[in-house]
Amino acid sequence: MDLKAIIVEDEANSREIIRNYITKYCKNVLLVGEAASIKEAMVLIENNTLDLIFLDVEMPFGNAFDLLDQLPDRTFETVFVTAYDQYAKDALNHHAAYYLTKPINIDELINAVDYVETVRAKEIALEGEVLSSKSKGVTGKLTLPQQDGFQVLNIPEILYCKADDNYTEIYLENTKILVSKTLKYFEDALAEFAFARVHKSYLVNVNEVVKYRKGKGGSVVMSNGKELLVSASKKKDFLAFFN
């Protein structure tokens, strides 16, 4: 499979080296653009469906983590390419697929791309396996793929879902489940049910809301006592459930 990718690197010489290595050694990578800043990278991300970003850490007016923090629903994988190794922990916390240090080792670059290709292939294979009930004719159920099969949830028992980079935490009354799908994926899967996106990080079961507190956006209190922020841009759509 071809991996659509961009390079985000402020130094022209480094961009050229990465581009040349990818072109020569990674035939399954299709470069669709390059960016020298976070602002330029955001434009490319917004205008392309990407599988992979080769991302330097230190750039003018911010760093790689500032960029990723603006993209809680991102679906692409990230390979960090940096001259510094002290960012490895932060990269791990941002669910990086791979961490390459400069000067780039060609074998490591190939390994990074192969790893991303494997991850994306698995995601494509699982696409559609996290399904709402309307797709399978089973009323009110959601299936979550696991290594040994799949878990079936009763949709009414879901209190809320929380974004965690490319993952989603699904909260039930007494437990939570981490799933390697974005919050947007579950927003779409649960669109036929009473779930409201109240914040970039939260999708709530409206039937489990016990209180709304006023504010610019305000907040909701769930049946388990957890209070979640409501963003100003999502407030109107959320309140429409109660009008």
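Modeller: Among the contacts in the protein chain between residues at least 6 apart in sequence, 51% join residues at least 24 apart, where a contact means heavy atoms within 4.5 Å. The model is a predicted one, in which local features need a pLDDT of at least 70 and side-chain atom pairs count only at pLDDT 80 or more, while totals for chains, interfaces and linings use all residues. Residues are numbered from 1 along each chain as its sequence is written, and side-chain values use heavy atoms, with hydrogens and water left out.

Of the 243 residues in the protein chain, 45% are buried, and here buried means under 20% relative accessible area, exposed means over 50%, and partly exposed lies in between, with a 1.4 Å probe and protein chains only. The protein chain exposes about 12,900 Å², of which carbon and sulfur atoms supply 49%; accessible areas come from the Shrake-Rupley method with a 1.4 Å probe, and for residues only the protein chains shown count as cover.

Now to the charged pairs themselves. A salt bridge is taken here as a side-chain nitrogen of Lys or Arg within 4 Å of a carboxyl oxygen of Asp or Glu, and by this rule the count comes to nine. One of them joins the side chains of E9 and K102, at 2.7 Å from N to O. E9 lies in the loop between β1 and α1 (12-25), whereas K102 lies in the loop between β7 (98-101) and α5 (106-126), so the pair ties together parts that are 93 residues apart in sequence. E9 counts as buried, at 1% relative accessibility, while K102, at 24%, counts as partly exposed. E9 and K102 also belong to a network of salt bridges that includes D56.

Another salt bridge is formed by R19 and E34, whose closest N and O atoms are 2.5 Å apart. This pair links distant parts of the chain, with R19 in helix α1 and E34 in strand β2, 15 residues apart. R19 is partly exposed, with a relative accessible area of 29%, and E34 likewise counts as partly exposed, at 30% relative accessibility.

Strand β2 (29-35), which carries E34, is also among the elements against which the buried residues of α2 pack. Those buried residues of helix α2 (residues 38-47) are I38, A41, M42, L44 and I45. They cover an arc of only 165° around the axis, which puts them on the same side of α2; the arc is that of the directions from the helix axis to the C-beta atoms. On the other side of α2, K39, E46 and N47 are exposed. Besides β2, the packing partners of the buried residues include β1 (3-8), β3 (52-55) and α3 (64-69).

A further salt bridge connects E227 and R213, with the closest N and O atoms 2.9 Å apart. E227 lies in strand β17 and R213 in strand β15, so the pair ties together parts that are 14 residues apart in sequence. E227, at 40% relative accessibility, counts as partly exposed, and R213 is partly exposed too, with a relative accessible area of 34%.

To place this last pair, consider the sheet around it. Strands of a sheet pair through backbone hydrogen bonds, either parallel or antiparallel. Here an open sheet of three strands has the order β15-β16-β17, with antiparallel pairing, two strands being paired if DSSP finds at least two bridges between them. β15 (209-213) and β17 (227-229) stand at the edges, each with a single partner strand, so one side of each is left without a neighbour in the sheet. From one strand to the next the twist averages 25°, with axes fitted as lines to C-alpha atoms, for helices over the stretch in contact, and angles running from 0 to 180 degrees between N-to-C directions. Strand β16 (residues 219-222) and β17 pair in the antiparallel sense over three bridges, and the bridge partner of S219 in β17 is L229.

L229 is in turn touched by H199, which also touches S231 and K234, not counting residues up to four places away in sequence. H199 sits in strand β13 (residues 195-199) and is buried, with a relative accessible area of 17%.

Note on methods. Helices (H or I, at least four residues) and strands (E, at least two) are DSSP runs, numbered from the N terminus.
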